[in-house]
Amino acid sequence: MLLALVLHGLICLGPIPEGAKLVAQDFVLAEQWISKHHVPDSPIQELLLRYLGSHAPATLRDAAWYAGQTLTTIRTAAAELGRELVSVGKNERGEDFFVVQGSAAHQAFESSGAPRLPTRLLGTFDEYYLSWADRSLVADESMQKQITPGKNGMFNAFWLEQGRACGLWNANIAPTDALGAALHQRYIDFRTTA
């Protein structure tokens with residue numbers, strides 16, 4: 001019932017109740033919670049810019065898959081955006097990897113040195129892994145098989161080093177190296193205080 005009410009725009013997620021510590025969130029009437037509605041001139045262009053703004057570099061095929069749109073629709077939007085999108089390379093199919101002009105991703109590609117990315121522990125079903133139709137930028141073929149071993153929709157948690165998946169991790173077992181142990185403890189602390 002909640003899903004139906006959200007899809008009809010009657011309710012939406014609202015504030016986190018006092019004392020809930022991020023484990024609960026109230027639903028509220030959308031008209032009372034959302035005071036200003038923004039309707040972009042071109043919703044598909046806006047969607048493409050937002051996707052690439054948060055997931056770049058990515059191909060138009062990735063954006064179409066993520067947005068549930070046809071590749072033709074996304075290609076049309078990209079063509080209309082013109083110079084707002086910048087190609088920073090190609091995949092094995094010869095498709096461009098795009099970033100948004102002037103974005104942090106674009107600046108990173110323009111800089112002379114590769115950016116130093118933090119090591120992260122990502123959970124199952126993490127947005128970072130799920131956001132691409134082709135996940136080869138995130139994980140090599142061997143690692144992809146470890147993250148999704150059964151091809152049944154289940155995803156394992158994994159380490160992210162320099163933007164790439166490098167190994168699985170288990171929330172119940174602390175790694176033995178110093179960095180892994182520290183990150184695991186940080187996760188445990190977050191889980192017990194949330």
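Is alanine 108 buried, partly exposed or exposed, and what is its relative accessible area? The legends below belong to close-up views of a predicted model.

**View A. Alanine 108 in helix 6.** Alanine 108 is partly exposed, with a relative accessible area of 26%. This residue belongs to helix 6, which covers residues 104–110. Threonine 76 stands 32 residues away from alanine 108 along the chain, and 27 Å separates the C-alpha atoms of the two residues.

**View B. The crossing of helix 4 and helix 5.** Two packed helices are described by the angle between their axes and the distance between the axes. Here, helix 4 spans residues 60–67 and helix 5 spans residues 71–81. Their axes come within 9 Å and cross at roughly 120°. Angles of 65 to 115 degrees count as roughly perpendicular and those over 145 as roughly antiparallel; helix 4 and helix 5 are therefore oblique to each other. The crossing in which helix 4 passes helix 5 is right-handed. Helix 4 contributes Leu60, Arg61, Ala63 and Ala64 to the contact, while helix 5 contributes Leu71, Ile74, Arg75 and Ala78. Sorted by class, the contact of helix 4 with helix 5 has six nonpolar residues, two charged residues and no polar ones.

View C. Most residues other than glycine have a negative phi, and most peptide bonds are trans. The bond leading from alanine 56 to proline 57 is cis, and its omega is near 0°. Proline 57 is located in the loop that connects helix 3 (43–55) with helix 4.

**View D. Phenylalanine 125 and its positive phi.** Phenylalanine 125, a residue other than glycine, has a positive phi near 60°. The loop that holds phenylalanine 125 runs between strand 5 (120–122) and helix 7 (127–130). With a relative accessibility of 40%, phenylalanine 125 counts as partly exposed.

**View E. Glutamine 162 between two strands.** Where is glutamine 162 placed? Glutamine 162 sits in the loop between strand 6 (158–161) and strand 7 (164–168). Although glutamine 162 is not a glycine, its phi is positive, at about 50°. The relative accessibility of glutamine 162 is 35%, so this residue counts as partly exposed.

View F. How many disulfides does a search of the whole structure find? The search finds zero. Cysteine 12 has a relative accessible area of 15% and is therefore buried, since buried means under 20%. Cysteine 166, with a relative accessible area of 40%, is partly exposed.

Key
Residues numbered from 1 in each chain as written. Predicted model: local features only at pLDDT ≥ 70, side-chain atom pairs only at ≥ 80, totals over all residues. Heavy atoms only, no water. Axes fitted to C-alpha atoms, helices over the stretch in contact; angles between N-to-C directions. Helix = DSSP H or I, 4+ residues; strand = E, 2+ residues; numbered from the N terminus. Parallel < 35°, antiparallel > 145°, perpendicular 65-115°, else oblique. Left-handed = near helix turned anticlockwise from the far one by under 90°. Contact = heavy atoms within 4.5 Å. Nonpolar A, V, L, I, M, F, W, Y, C, P; charged D, E, K, R; others polar. Disulfide = S-S within 2.5 Å. Buried < 20%, exposed > 50% of the residue type's maximum accessible area, 1.4 Å probe, protein only.
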